[in-house]
Amino acid sequence: MATEVRGATRVSKVVPVIDPTSSPRNSLSPQKVDDFPEAEVALEGGSWVTTIRKLSALANSEGFDEQFKTLFDDHEASYLRWKEVFDKLFLFGEEDLIAVVTRGILSSVDLSRLRALEELCSPTFFNDSGLLVAVRRRILEVLQQSRLRQQLASQPTPAVVLQIPQEIVPIPEPDDDTEISKKQQLDIAKKMEPAMFLEDSPPVQVTAVDEEILDACAALGVACSKDRQFEQARLYYKLALDGYEAKLGKNSAKGLKVEYSLVCCSCESKHVMTEKLEMLVQKMEEVLGKEHMVTLDALNSYGARLDNLGKYELARHALEKCMASQERVLGPHHTKTLMTVCNLGLVYKHLQMYENALELYERDLADCERLLGKDHPSTLMTVENIGNLKMDGMKEFKEAELYYERALRGYKSQLGKYHEGTMKCVKNFKSCLKASNNAERLDKLKDEYPS
């Protein structure tokens with residue numbers, strides 16, 4: 001049976017949060033995180049180096065329009081969304097210069113560029129979870145620096161002392177008619193400390209009563225979870241939750257959202273986690289309402305957990321309810337709606353409702369291609385799911401081969417030849433080729449992937 005890909009997954013030093021009225025606490029050090037199979041995490045889009053290479057390929061002005069318009073097949077809105085973010089970053093040149101500018105953004109205090117880089121790392125763009133952690137950590141640091149400067153201006157002796165990097169090297173703004181010169185970029189590279197990029201950001205203390213900083217802390221928790229840094233993710237979630245409860249009171253929308261994230265990131269058994277999600281959904285429906293976005297996020301995850309436990313009818317009921325509400329509130333083409341569509345398709349497959357499952361997967365695929373691009377990792381996950389359905393359920397092996405071929409080709413390009421997502425696709429593809437008795441193609445695949 002194929003290894004399935006679920007739609008709900010398209011879900012260093014620690015930056016401690018402290019109350020400025022309390023005495024400073026010791027910095028919390030990160031702990032080694034072992035494999036954590038219980039958590040649902042996104043397919044990472046590769047390391048930051050992969051993203052740099054993609055940016056380099058797109059950074060040449062003569063190739064940008066052609067590549068992006070081809071990627072989105074004349075879907076103008078999606079093309080413009082990418083171009084807007086790309087233009088904010090002002091990236092151009094060869095790979096080494098792109099890396100220099102990216103490092104410069106990560107060591108700067110330019111929130112506009114940091115936010116643009118954050119968006120570029122998100123699942124709807126390059127889906128680079130490792131770089132996303134670095135960007136969100138830097139945003140948290142910059143926000144804290146700004147607040148502390150405000151405190152320094154208003155208080156002779158601030159309550160919190162922040163370890164600010166010794167030297168911050170922002171990227172210079174270009175003149176109206178000139179681009180950043182190669183010499184300027186190389187000068188920046190000479191000044192910069194490489195350790196400031198991903199691994200060794202200095203520890204920062206965060207004011208717990210500042211809601212914007214708490215939002216950044218929760219966002220960093222999400223990024224850590226996507227990057228499988230679950231111990232850090234739980235820490236940031238708990239710190240954000242404590243802060244929200246102190247500032248907004250118990251059962252606020254933001255607090256409940258973080259509480260939901262904590263449940264999904266816990267290491268308890270599947271049964272315990274499902275029970276907690278059920279209670280949390282009931283609580284959210286009472287406090288926030290049945291069609292609040294946070295409630296629907298939790299309901300989608302609850303339905304997916306029921307499916308994992310083999311409770312398919314209960315899962316079907318939960319996900320059909322969730323999808324109907326999301327279509328009313330968010331629209332049928334919203335990314336969150338599509339996650340539920342994908343999860344419900346998987347439930348239909350388990351209930352042997354193959355035509356229903358195929359209808360949902362094809363709907364998901366069409367929207368992913370339009371919104372994200374034909375080779376986006378989320379699009380490829382749906383392509384692979386259709387292959388799984390064609391092989392396991394409908395026994396249409398030749399058609400399944402076509403979907404696996406496309407998924408594998410895309411995974412190797414987007415994630416890398418030996419990425420976890422790529423290897424899962426290889427495993428499924430081999431099973432399909434065995435079932436269809438396609439010995440010639442199977443031998444070629446075994447030559448490329450012997451194990």
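How are α16 and α17 oriented relative to each other? They are roughly antiparallel (an angle over 145 degrees; under 35 counts as roughly parallel, 65 to 115 as roughly perpendicular and the rest as oblique). The legends below describe a predicted model, in which local features need pLDDT of at least 70, side-chain atom pairs count only at pLDDT 80 or more, and totals for chains, interfaces and linings use all residues. Residues are numbered from 1 along each chain as its sequence is written, and side-chain values use heavy atoms, with hydrogens and water left out.

**View 1. Overview of the protein.** The protein has 19 helices and 2 strands (DSSP runs numbered from the N terminus: helices are H or I with at least four residues, strands are E with at least two). Of its 451 residues, 53% count as buried (under 20% relative accessible area; exposed is over 50% and partly exposed in between, with a 1.4 Å probe and protein chains only). Carbon and sulfur atoms account for 51% of an accessible surface of about 20500 Å² (Shrake-Rupley method, 1.4 Å probe).

**View 2. The pairing of α16 with α17.** Helix α16 spans residues 377-393 and helix α17 residues 397-414; their axes come within 8 Å and cross at roughly 155° (axes are lines fitted to C-alpha atoms, for helices over the stretch in contact, and angles run from 0 to 180 degrees between N-to-C directions). The crossing is left-handed (the near helix is turned anticlockwise from the far one by less than a right angle). Residues in contact (heavy atoms within 4.5 Å) include Leu-380, Val-383 and Ile-386 of α16 and Tyr-403, Tyr-404 and Ala-407 of α17. The residues of this contact divide into 12 nonpolar, 5 polar and 4 charged (Ala, Val, Leu, Ile, Met, Phe, Trp, Tyr, Cys and Pro are nonpolar, Asp, Glu, Lys and Arg charged, and the others, Gly among them, polar).

**View 3. The pairing of α5 with α6.** The axes of helix α5 (residues 111-121) and α6 come within 9 Å and cross at roughly 155°; the two helices are therefore roughly antiparallel. Helix α5 passes α6 in a left-handed crossing. Among the residues that make the contact are Leu-114 and Leu-117 of α5 and Val-135 and Ile-139 of α6. The contact comprises 10 nonpolar, no polar and 4 charged residues.

View 4. Gly-130, in helix α6 (residues 129-154), is partly exposed, with a relative accessible area of 24%. Gly-130 and Arg-228 are 98 residues apart in sequence, and their C-alpha atoms are 9.3 Å apart. Gly-373 lies in the loop between α15 (354-371) and α16 and is buried, with a relative accessible area of 0%.
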